[in-house]
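My notes are kept in the order in which I checked each point.

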Amino acid sequence: MRADEFRDSAEVGGTALAEIADLVNEVHGAVSTRLFDLVGPVGAPARALHDAVSAVAFGSTRLGLRTIPAVGGIVAAALRRPSADSVADTVRGHFALGALNGWMGDRLAAEGRSLAADMTLRTRTGRLRCTAENVVHDLGGEVSGRIVVFAHGLCGNDRAWGMGAEKNFGDHRVTYGSLLREEDGWTPLYLNYNSGLHISDNGHRLAESLESVVAYWPVPVTEIALVGHSMGGLVVRSAAHQAAADELSWVRALRHIVGLGTPHLGAPLERFTNARMHALARLPETRPFATYLNRRSAGIKDLRYGSVVEQDWSGFDPDERLTDRCTPPSLLPDVAYSMAAATLSREPNGLLAHDLFVHHLSAHGAGSNRRMGFAQDRLFHLGGRHHFHLLSDPLVYRQLRSWLAGADGATPPNRDAV
């Protein structure tokens, strides 16, 4: 862990502990206020003493919880080797940063924390450097004009595509990307991004990143496919939409957008959380819990109804009660949209017609009030599986390969290479 990461970890940890202390203090205050109100004026002396003691106790506790870890982190950071590796260079650290960014990545970015994940396009061995002399080297010399980009979901990272590979493919190094490279000549890239930011912000950054990649690609790019798991499917849809609006060159080579368990119409867990926070906010004793949980990231709140462009959230209260303000879907012409849904049940119906997080109707964009208009022959259902099975499953790979080859659906017409 680098010195700046160690320091920021301590400061973020201290802030988190202080926020928990605030939560306890506010709940304690609300409960005691209700009790003293019941006693009436006769309890006034005891109430004054109680409030004074509580103010000192919680104030000193909060100061200690915020300050001591921060000071300790600064001291420890000063003693660390300048050449220390980043926490993101370890597997556990990479996954931990992904989870942290999913929960509070917007705050980390706004505060300029070193723990905020930068958007990067990566190979399976490291970051892709977008310069003419480095692209071929970073890709190990294996470069084709067909690029497939994989985008992880909320709280994830680019290594998520290897989850379950040992069990399902017999080799922990296998991903959909590596199989597509070996069997069909695609060049895979893996997106790593701060999933706590607005989906539209990540979509804009991905669109700009792909413009740089295509500019330095050593061979003409003839075909681009974007594959997203969960939130990643919304990010790639957003990137394509914004790239087309901005007339970026890479979108001319875009042929496929694939969503795996993507909540195009929103995620029920986020809608449930939003509703429960309003219920908790009604009482002084439970209102602090609502305040605390409403600190969840903008990225999480975008999942309520599947916001993909700035107009879906700009100018609105992110914590308002259950209102779908998403703009009508805008699908690009000449791009094949293919969507896979998993359900815990064998059939896509009943109480278990979801993958733990996303209902199959949302993954297929087929709601009663809003429909995405995806072609029926490009919808796939995987029964008896959960959300994360979609990351590494032979049946999903077989369907993905078929889609990218143009089978079982209309293939967009060829366009000039970029």
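**Entry 1. Overall picture.** I note at the outset that the model is predicted. I looked up the secondary structure and found 13 helices and seven strands. The protein has 418 residues, and 48% of them count as buried. For the accessible surface I recorded about 19,200 Å², with carbon and sulfur atoms holding 58% of that area. I then turned to contacts between residues with a separation of 6 or more: 78% of these involve residues 24 or more positions apart.

**Entry 2. Salt bridges in total.** How many salt bridges does the structure hold? I recorded 14.

**Entry 3. R113 and E11.** I found a salt bridge between the side chains of R113 and E11, with an N to O distance of 2.3 Å. This pair links distant parts of the chain, since E11 belongs to helix α1 (residues 3-39) while R113 sits in the loop between α3 (91-110) and β1 (120-122), and 102 residues separate the two.

**Entry 4. E19 and R107.** I next looked up E19, which forms a salt bridge with R107; their closest N and O atoms lie 2.7 Å apart. Because E19 is in helix α1 and R107 in helix α3, this pair ties together parts that are 88 residues apart in sequence. E19 has a relative accessible area of 12% and is buried, whereas R107, at 21% relative accessibility, counts as partly exposed. The cut-off explains the two labels, because buried means under 20% relative accessible area.

**Entry 5. R304 and E270.** Which residue forms a salt bridge with R304? I found E270, the closest N and O atoms being 2.9 Å apart. R304 lies in the loop between α11 (298-302) and β6 (336-343), and E270 in helix α9 (residues 268-280), so the pair ties together parts that are 34 residues apart in sequence. R304 counts as buried at 6% relative accessibility, and E270 is buried with a relative accessible area of 5%.

Methods: Residues are numbered from 1 along each chain as its sequence is written. This is a predicted model: local features need pLDDT of at least 70, side-chain atom pairs count only at pLDDT 80 or more; totals for chains, interfaces and linings use all residues. Side-chain values use heavy atoms; hydrogens and water are left out. A salt bridge is a side-chain nitrogen of Lys or Arg within 4 Å of a carboxyl oxygen of Asp or Glu. Helices (H or I, at least four residues) and strands (E, at least two) are DSSP runs, numbered from the N terminus. Buried means under 20% relative accessible area, exposed over 50%, partly exposed in between (1.4 Å probe, protein chains only). Contact means heavy atoms within 4.5 Å. Accessible areas come from the Shrake-Rupley method with a 1.4 Å probe; for residues, only the protein chains shown count as cover.
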